Amino acid sequence: MTEAVSRPTLEAVAARAGVSRATVSRVVNGGDGVREPLAERVRRAVEELGYVPNQAARSLVTRRHDAVAVVIAEPETRVFTDPFFALQLRGISKELTAHDNQLVLLLTEGRADHARVARYLAGGHVDGALVFSLHLDDPLPGLIHDAGVPTVFGGRPDWGADTRAADPGVVYVDCDNRGGARAAVRHLLDLGRRRVAHITGALDQTSAVDRLDGYRDVMTDVLGEYDPRLVEESDFTPSGGERAMRELLDRCPDVDAVFAANDLTALGALRVLRASGRRVPEDVAVVGFDDMVPVTEQADPPLTTVRQDIEEMGRLMARLLLRGLSGAREGTDTTAGAQEAPPSEAILPTTLIRRASA
């Protein structure tokens, strides 16, 4: 064991700089009212002594924690195996780090974890929360609303029966799921395919619902109707894609194209098509959604997919939250008519990326 090393104190910095303890506290905590020559002496003393402010004491003065909770409503087995979450967390982390904020990751394995997360958020440990991958029956939005924590959501929210969370001022970031799905299906129809199947994501999440709606839009517009037998529900996972593709081939063996709700689902579908002797894209064309490089590189053949900027979505979520927190601290008007008010929603565009699978 190593001996604990005593850290420089606020009093030591004050003595080195030749100023009062209160002056050091104001400079360290970003307060006003200190002349620049004195502030410079304090900063030089802080650097020379290697002083690190005590965060707990600083929070009492500033009422800031410089920490943001990231709440993912998924079990850890999903979060740490799906590259979508890694990309979104990377974007969030970059933005928070750039503003000297800490990321506190909170996962929910099941209902028992919801109360734990709500208690943590209500306990004043963080300045705000970023929440994503919500499900329609998830009680988290209502619990977070009750905790009174500034929040930005990832994905279009749908509160279901929980009217407590239905705050008209809610802020969220999403991509154009419906428009991206339309582009994917239109591309398949433009290739001359007519038996276009759709493997959905988990339909208790709005992203999956919006992509299904985009599929229905184009199939109905172009063909006059869509065949519900060509739609199979899945869960955004490779194993779910495999199961759904087998179901579709058993039910509709004449399928000539598949729009999968995400790239992981498309990977599973490609495995089953290959095992069944179907050639891609000659017999069945396949399009995914996300354009996650670790996944598209594994696809054989390379996957045509709809790109959404997942990392930028994370950065934008963090940016909007920090902007709202900054406005609240400075007493800035953040109502809808204020010039600096964060938008209530930010919808990022999607782009069809054409590769060999379709």
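The face of helix H7 (residues 111–122) that is turned away from its buried side carries the exposed residues Ala112, Arg119 and Ala122, where exposed denotes over 50% relative accessible area, buried under 20%, and partly exposed the range in between, with a 1.4 Å probe and protein chains only. The model is a predicted one, in which local features need pLDDT of at least 70 and side-chain atom pairs count only at pLDDT 80 or more, whereas totals for chains, interfaces and linings use all residues. Residues are numbered from 1 along each chain as its sequence is written, and side-chain values use heavy atoms, with hydrogens and water left out.

Helices (H or I, at least four residues) and strands (E, at least two) are DSSP runs numbered from the N terminus. In H7, the buried residues are Asp113, His114, Val117, Ala118 and Leu121. Seen down the axis of H7, these buried residues fall within an arc of 140°, so they line one face of the helix, the arc being that of the directions from the helix axis to the C-beta atoms. Their cover includes strands S1, S2 and S3 together with helix H8 (140–147), contact being defined as heavy atoms within 4.5 Å. Just after H7, glycine 124 adopts a positive phi of about 75°.

The strands that contribute to this cover belong to an open sheet of six strands, in the order S2-S1-S3-S4-S5-S11, with parallel pairing; two strands pair if DSSP finds at least two bridges between them. Strand S2 (102–107) and strand S11 (345–348) stand at the edges with a single partner strand each, so one side of each is left without a neighbour in the sheet. Strand S1 (residues 67–72) pairs with S2 in the parallel sense over six bridges, and alanine 67 stands opposite glutamine 102 in S2.

Helix H6 (residues 83–98) lies across S1, S2 and strand S3 (128–132), running at about 150° to S2; axes are lines fitted to C-alpha atoms, for helices over the stretch in contact, and angles run from 0 to 180 degrees between N-to-C directions. Phe84, Phe85 and Phe132 form one aromatic cluster, in which rings of Phe, Tyr and Trp (its six-membered ring) pair if their centres lie within 6.5 Å, planes under 30 degrees apart counting as stacked, over 60 as edge-to-face and the rest as tilted. Phenylalanine 84 and phenylalanine 85 are both buried, and phenylalanine 85 and phenylalanine 132 form a stacked pair, 6.2 Å centre to centre with 20° between the planes. This pair links distant parts of the chain, phenylalanine 85 in helix H6 and phenylalanine 132 in strand S3, 47 residues apart.

Definitions and conventions:
Expected span 1.5 Å × (residues − 1).
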